[in-house]
Amino acid sequence: MVGSGVAAAQPAPIWQPLAPIASLDVARYMGTWNQIAAVPQPFNLECARDTQATYTLLDPANVEVENRCTTWTGGASGITGNARVNDPVTNAQLHVSFPNVPTQGSPDGPTNYIVTYIADDYSWALVGDPFRVSGFVLSREPVVTDSEWRNIRFVVESRGYNSCVLLTSPTTAANNDIRPLCTV
């Protein structure tokens, strides 16, 4: 599962902005991704399990973003927004916006979504913001093996994240608990 963006064993210095991958194939990135670990964010605290993001290409510079999850009460929650490519060289740096969300309403803005790792087969990705305040491990499948978890942890740490800050995200298919990634 080691992919195109795996760094050397030395972690990235946290004082440097999160680096994008060299080139993102936007068409291959489209579709549904399962959140399997993340730095907790205020906007997704209501999500208890099965957190997903579905990306649909609108045009060369814009992607529709549909986020959804199952809430703690068993209901559904979702929001639709836009991701605008800020870096047409790599296609891996975007500005994600959601209408009526404070500070995120405008489709134009600074990069707040960086694809910093993508597996060679596009089976999983690590995305975050330039300062690592957010971080999301996305997988095409809701289930990952122990070996895959070890590789994910290695990549997360190699990108300058503290793996204890990312928490696993429960899915109906497999993972029913919330644990720091550093313990997986």
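This is a predicted model: local features need pLDDT of at least 70, side-chain atom pairs count only at pLDDT 80 or more; totals for chains, interfaces and linings use all residues.
**Domain and helix**

An unreviewed UniProt entry lists residues 24–168 as "domain: Lipocalin/cytosolic fatty-acid binding". That span is 12% helix and 44% strand. Its end C-alpha atoms lie 25 Å apart.

Helix α2 covers residues 146–158. Trp149, Asn151, Ile152, Val155, Val156 and Ser158 are the buried residues of α2. They pack against five strands: β1 (31–38), β6 (113–118), β7 (124–128), β8 (135–139) and β9 (167–168). Just after the helix, Gly160 has a positive phi of about 90 degrees.

**Pockets and cavity**

The table sets out the spaces and their linings.

| Space | Volume | Lining residues by class |
|---|---|---|
| Largest pocket | about 740 Å³ | 17 nonpolar, 14 polar, 3 charged |
| Second largest pocket | about 220 Å³ | 10 nonpolar, 5 polar, 1 charged |
| Largest cavity | about 90 Å³ | 12 nonpolar, 1 polar, no charged |

The largest pocket is lined by 34 residues. Phe43, Asn67, Phe98, Gln104 and Phe136 lie nearest its centre. Strands β1, β2, β3, β4, β7 and β8 each supply at least two lining residues. Strand β2 gives the most, with 5 residues.

The second largest pocket has 16 lining residues. Nearest its centre are Gln35, Asn44, Cys47, Ser169 and Ile178. The elements giving two or more residues to this lining are β1, β2 and β9. Here too β2 has the largest share, with 4 residues.

The structure holds 1 cavity of 30 Å³ or more. Of the 13 residues that line the largest cavity, Tyr29, Met30, Val63, Ala83 and Leu94 are the closest to its centre. Elements α1 (26–29), β3 (62–71), β4 (76–85) and β5 (93–97) each contribute at least two residues to the cavity lining.

**Thr51 in β2**

Thr51 sits in strand β2, which runs over residues 47–59. Is Thr51 buried or exposed? Its relative accessible area is 13%, under the 20% cut-off, so Thr51 counts as buried. Leaving aside neighbours within four places in sequence, Thr51 is in contact with Trp33, Asn34, Gln35, Arg68 and Cys69. One of these, Gln35, is also among the residues nearest the centre of the second largest pocket.

Methods:
Residues are numbered from 1 along each chain as its sequence is written. Side-chain values use heavy atoms; hydrogens and water are left out. Buried means under 20% relative accessible area, exposed over 50%, partly exposed in between (1.4 Å probe, protein chains only). Contact means heavy atoms within 4.5 Å. On a 1 Å grid over the protein atoms alone, a cavity is a set of points where a 1.4 Å probe fits but cannot get out, and a pocket is an open set with protein on both sides within 12 Å along at least five of seven lines; lining residues have an atom within 4 Å of a point. Grid points are joined across faces, edges and corners, and a volume is the space filled by probe spheres set on the points. Ala, Val, Leu, Ile, Met, Phe, Trp, Tyr, Cys and Pro count as nonpolar, Asp, Glu, Lys and Arg as charged, and the others, Gly among them, as polar. UniProt positions are given in the numbering used here, feature names are shortened, and annotations may be inferred rather than shown by experiment. The expected span of a helix is 1.5 Å times one less than its number of residues.
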